[in-house]
Amino acid sequence: DVVSVESDRFADIVLPALRFCDYCILNELEAERTTGVTIIKEGIVDLSAARVAARQLVDAGVREWVVIHFPYGAIAMNCQNNQLVQPSVNMPQASIGGTTGAGDAFAAGILLGLHENAPMRTALRYGVCTAAASLTDPSSSDGVVPLRECLGLAEKHGYRDLG
């Protein structure tokens with residue numbers, strides 16, 4: 001995971017570190033800046049471009065999984081070219097208190113799944129549900145509740161349509 005900043009140094013800093021990483025979790029902007037692949041086109045995430053960026057990150061040395069997340073969901077790719085797509089929870093606008101910390105909450109959900117030896121598909125679900133819970137509060141972490149409650153948001157609101 002990295003910090004989203006306005007910088008042209010992403011490739012110089014991130015790419016050499018990837019051969020030491022088992023898991024790389026980036027948002028779409030960080031993935032764009034690291035790979036040079038344009039993922040956001042006219043304000044919309046291009047899943048095909050996100051897959052190209054993920055492949056480049058895997059090829060740069062990530063040993064297990066690359067995960068690229070964005071407001072509408074996430075993709076994951078491993079070194080065996082297995083690819084997964086997980087839409088985000090379809091949170092009603094009225095339930096959103098703020099977006100600060102949602103990416104970190106997503107990463108925490110992924111890491112919890114990995115810690116529990118869950119398959120990546122399950123870890124992705126944990127990630128989007130934890131991010132959804134984070135959205136309910138304007139602070140960076142007060143919306144994050146126990147996992148069962150996070151998962152309940154997906155049961156209540158369903159997942160977005162990624163087209």
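Me: In this predicted model, how many bridges join β1 to strand β4?
Reply: Strand β4 covers residues 65-70, and it runs parallel to β1. The number of bridges that join β1 to β4 is five.

Me: Which strands are the edge strands of the open sheet?
Reply: Four strands make up this open sheet, their order being β1-β4-β5-β6, and the pairing is mixed. From one strand to the next the twist averages 15°. An edge strand here pairs on one side only, and the two that do so are β1 (23-27) and β6 (83-87).

Me: Which strands does helix α4 touch as it packs on the sheet, and what angle does its direction make with that of β1?
Reply: Helix α3 (residues 47-59) lies across β1, β4, β5 (73-78) and β6, and it runs at about 40° to β5. Helix α4 (residues 102-115) also packs on the sheet, where it touches β1, β4 and β5. The direction of α4 makes an angle with that of β1 of about 160°.

Me: Is α1 roughly parallel or roughly perpendicular to α2?
Reply: Two packed helices are described by the angle between their axes together with the distance between those axes. For helix α1 (residues 10-17) and helix α2 (residues 28-35), the axes are 7 Å apart and the packing angle is about 90°. Because an angle of 65 to 115 degrees counts as roughly perpendicular, the arrangement of α1 relative to α2 is roughly perpendicular.

Me: How many nonpolar, polar and charged residues does the contact of α1 with α2 have?
Reply: On the α1 side, the residues are F10, A11, V14 and L15, and they meet E30, R33 and T34 in α2. Sorted by class, the contact of α1 with α2 has two charged residues, one polar residue and, for the nonpolar class, four.

Me: How many disulfides does the count come to?
Reply: With the cut-off for a sulfur pair set at 2.5 Å, the count comes to zero disulfides. C79 is in no disulfide, as the nearest cysteine sulfur, that of C21, is 13 Å away. The total count is therefore zero.

Me: Is C150 buried or exposed?
Reply: C79 has 37% relative accessibility and so counts as partly exposed. Buried means under 20% relative accessible area, and C150, at 1% relative accessibility, therefore counts as buried.

Notes: Residues are numbered from 1 along each chain as its sequence is written. This is a predicted model: local features need pLDDT of at least 70, side-chain atom pairs count only at pLDDT 80 or more; totals for chains, interfaces and linings use all residues. Side-chain values use heavy atoms; hydrogens and water are left out. Buried means under 20% relative accessible area, exposed over 50%, partly exposed in between (1.4 Å probe, protein chains only). Axes are lines fitted to C-alpha atoms, for helices over the stretch in contact, and angles run from 0 to 180 degrees between N-to-C directions. Angles under 35 degrees count as roughly parallel, over 145 as roughly antiparallel, 65 to 115 as roughly perpendicular and the rest as oblique. Contact means heavy atoms within 4.5 Å. Ala, Val, Leu, Ile, Met, Phe, Trp, Tyr, Cys and Pro count as nonpolar, Asp, Glu, Lys and Arg as charged, and the others, Gly among them, as polar. Two strands pair if DSSP finds at least two bridges between them.
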